[in-house]
Amino acid sequence: MVTSSWVAAQAQTAASRRRGAVLERAILDAALEQLSTVGWSGLTMEGVAAAAQTGKAAVYRRWPSKEDLVADALRAGLPRFDAVPDLGGVREDLLYLCRRARDAMFSPSGSAVRSVIYECDAAQAESFHAVIFEGVVEPTIKMLREVIERGIERGEVRADAANGYVFDAIPAMMMYRSKMCGSEWLDVDLEEMIDQLMVPLLRQGGS
């Protein structure tokens, strides 16, 4: 007769046999899941070990601190961004980009990033600055630049629009509305932001 205790024991035995990259991946996935559900403040090394079905010592051998573990979990879990397809107009290109950003923001890895940004103090956040900048900020700015420069070439965007303040507008608005207003950024919200904020901001003559 198979009992629940026997099943649990078998699962624990199988988990204990994992080694190397397989075990590390399980721990990193567990850390991302914990960040997205209980947040930075609720995440513990013990909780990650339990979720990964391994021992606490296996976690500490690889990552001596919570900050080290989370930095690697973010690095492994952040979505990979590529070029934005040319859809024929800056409005359509920006809307496509915003939809991708919204989907990434509300994915498990996106929730993990937001928990770190929102909950960590300045000293803790410093541990993740390079990971977030290289994995989120730089790719986003690169794609926004690509979209805006295509618009300039088409003649639908003013020539001086490719600057840091314009590049910051969409990420800043999405983060602010998500944090302060609880916005989940439905498609209609993204369309309104593009039509009421970005298109007038980018238009020739600034009007």
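I take a pocket, on a 1 Å grid over the protein atoms alone, as an open set of points where a 1.4 Å probe fits, with protein on both sides within 12 Å along at least five of seven lines; lining residues have an atom within 4 Å of a point. Grid points are joined across faces, edges and corners, and a volume is the space filled by probe spheres set on the points.

The model is predicted: local features need pLDDT of at least 70, side-chain atom pairs count only at pLDDT 80 or more, and totals for chains, interfaces and linings use all residues. Residues are numbered from 1 along each chain as its sequence is written, and side-chain values use heavy atoms, leaving out hydrogens and water.

I looked up the largest pocket and found about 530 Å³ of space in it. Its lining has 26 residues, and M105, V136, T140, P171 and M175 are the closest to its centre. Two or more lining residues come from each of the helices α6 (90–105), α7 (108–119), α9 (129–154) and α10; helices are DSSP runs of H or I, at least four residues, numbered from the N terminus. I sorted the lining by class and got 22 nonpolar, two polar and two charged residues (nonpolar: Ala, Val, Leu, Ile, Met, Phe, Trp, Tyr, Cys and Pro; charged: Asp, Glu, Lys and Arg; polar: the others, Gly among them).

M173. I placed M173 in helix α10, residues 164–181. M173 touches W185, M193 and L197, not counting residues up to four places away in sequence (contact: heavy atoms within 4.5 Å). M173 and L197 lie 24 residues apart in sequence and 9.8 Å apart in space, C-alpha to C-alpha.

I searched the whole structure and found zero (a disulfide is a pair of cysteine sulfur atoms within 2.5 Å).
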